[in-house]
Amino acid sequence: MVDIANEIKQQVQERRPLTPALILGNRWFLYAISMLAFFLVWDRAAVARVFSSGLPRPYEVVLQLWSMMFDPLAGKSLLGHVWASTQRILIGFTIASLVAVPLGLMMALNRYVNAIVKPLFDLLKPMPPLAWISIAILWFGIGETSKVFIIIIGTFVPCLLDAYNGVRLVEPELYDVIRMLGGKRRHEIIQVCFPAAFPAIFAGLQIALSIAWSCVLAAELVSARSGLGFIIIRGMNLSRPAMIVGGMVVIAIVAWGMSQLVSGLERLVCPWKREIDGR
Amino acid sequence: MREERHSNPVKIVCEDITKVFIQKGKQRVHVLDHISLDVQENEFVVILGPGQSGKSTLLRIIAGLETPTEGHVLIDGQEVEGPGPERGLVFQGYMLFAWKTVMGNVEMGPKLRGVPKKERREIAAHYIHLVGLDGFEKHYPHQLSGGMKQRVGIARAYANNPKVMLLDEPFGQLDAQTRYFMEKETARIWETEKRTILFVTNNIDEAIYLADRIVTLEGKLPGRMHVAYRVDLPRPREHTDMAFLKLRHEITEASELTL
């Protein structure tokens with residue numbers, strides 16, 4: 001019994017005392033302080049009417065979002081609008097990547113495919129996808145098709161480019177290795193080229209995803225009846241800044257979520273990728 | 001100059017190997033000039049030469065990754081026509097498949113030949129054990145040190161039961177301590193599973209430590225055979241042995257003359 005008592009006494013003595021310095025130095029504490037300061041400044045700026053009535057208070061944004069969850073806006077709840085935007089992205093992104101990634105791989109592997117596709121690609125590459133909005137509406141009307149079209153245009157370039165470069169940057173000696181182990185051309189491609197290019201392809205997908213978000217937003221700002229961009233435009237038209245900022249906040253959250261999904265997929269497919277410490 | 005001995009059967013025959021690279025359609029780089037070399041079964045031959053002496057090119061020709069401009073290579077009497085698992089090649093830069101585990105790398109050769117999973121796992125496990133990497137089967141290359149990566153490279157080549165092992169400056173990227181350790185490991189592995197070995201290096205100590213026979217190339221292009229040395233020292237060898245140091249001195253003197 002005496003031993004246990006001594007042990008506890010020792011543990012208590014060895015514990016670092018909870019000084020103010022220790023609290024102040026703690027990372028999570030500093031994060032919390034920083035966030036609190038941000039919201040405080042925002043709130044004060046809103047109340048002080050720094051942008052006249054253009055800046056909503058944080059709690060107004062939260063209230064607005066909360067009410068949109070249950071009171072439909074143009075026939076859809078908040079989640080309905082989220083799904084509308086997400087759906088357009090998923091469709092466009094999927095179509096584009098399913099075409100662009102294999103095309104990029106083939107271009108890097110086959111001289112003839114390269115000769116045919118590359119000049120066309122180089123011609124269209126520099127044009128920003130948003131420049132296509134007007135012509136897309138002209139061709140496809142103001143419905144879903146034109147929006148998905150813009151997303152396809154926007155995501156096509158990074159997917160193809162990163163797949164292409166992913167293959168070109170594979171260490172050429174690795175092909176020597178597989179040939180020495182008895183591999184033929186098809187093994188070179190399947191066993192070496194593809195796995196080696198996966199990390200680059202995923203990097204391309206991440207970039208394509210963020211481009212997809214700006215594309216869908218722009219398309220919705222121009223003409224839409226649903227979606228997160230629509231929420232923002234409605235907020236503009238109804239002079240409700242809380243709605244505008246609310247829309248922005250939701251976009252940020254959903255985009256972040258999708259990006260995390262792609263990262264998770266990458267971790268699944270490429271378990272060998274060295275983890276770069278984010279801290 | 002031709003080297004021949006008549007006690008063991010001859011495994012590798014290089015006859016008059018000449019290699020000229022044509023760069024950018026115009027420049028001709030003469031890399032090898034009439035190299036002839038015989039290697040006997042289970043002999044450990046080291047090709048020694050400074051950088052840019054054509055020795056890696058010679059090894060690649062023997063491996064089948066390059067074709068000689070003139071001359072040919074025979075292994076067990078058959079001409080080498082392309083790369084293949086009967087010649088195990090260990091690369092200087094490790095060249096492991098980053099997306100495969102140690103086990104995945106070592107079993108790649110048998111996998112390409114269609115060996116069923118259970119059997120090829122056993123084969124791979126045997127060679128992973130031979131190079132001393134038990135317990136690391138599920139590790140990825142980026143989790144291994146340089147010496148360990150190279151051991152995977154050796155196991156990967158050995159797993160195909162090659163007729164000859166070709167090592168292209170395999171320890172060039174390792175620090176001195178690891179290098180010394182890997183030299184000892186190589187000697188041990190060779191003693192355990194005897195194989196004809198052709199080992200390329202620019203390090204004289206390494207050559208004397210490992211070789212039955214050292215073949216030196218001149219220090220400039222085109223690479224020509226210079227001098228050959230028999231190393232009859234008993235194994236395991238000591239770097240501080242008198243005979244070791246004498247041979248080291250002899251080779252150092254001879255090679256300085258050609259630079």
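Residues are numbered from 1 along each chain as its sequence is written, and chains are lettered from A in the order in which they are written. In this predicted model, local features need pLDDT of at least 70 and side-chain atom pairs count only at pLDDT 80 or more, while totals for chains, interfaces and linings use all residues.

User: Which residues make the contact of H5(A) with H11(A)?

Analyst: H5(A) supplies A:His81, A:Val82 and A:Ser85, and H11(A) supplies A:Leu228, A:Gly229, A:Phe230 and A:Ile231. A contact needs C-beta atoms, placed from the backbone, within 7 Å. By class there are four nonpolar, three polar and no charged residues; Ala, Val, Leu, Ile, Met, Phe, Trp, Tyr, Cys and Pro count as nonpolar, Asp, Glu, Lys and Arg as charged, and the others, Gly among them, as polar.

User: Why is B:Gln177 called exposed?

Analyst: B:Gln177 has 9 other C-beta atoms within 10 Å. A residue is exposed at 12 or fewer, buried at 20 or more and partly exposed in between, with C-beta atoms placed from the backbone. B:Gln177 is therefore exposed. This residue is found in helix H6 (residues 176-192) of chain B.

User: How do you know that the radius of gyration of chain B agrees with a compact globule?

Analyst: The radius is taken over C-alpha atoms, and the globule rule is 2.2 Å times the number of residues to the power 0.38. For 259 residues the rule gives a value near 18 Å and chain B has 18 Å, so the two agree. The C-alpha trace of chain B spans about 50 × 50 × 40 Å along its principal axes, and 44% of its 259 residues count as buried.

User: How many residues of chain B are in contact with chain A?

Analyst: 18 residues of chain B are in contact with 14 residues of chain A. Helix H3 (residues 108-112) of chain B gives the largest share of the chain B side, three residues.

Conventions. Contact = placed C-beta atoms within 7 Å. Helix = DSSP H or I, 4+ residues; strand = E, 2+ residues; numbered from the N terminus.
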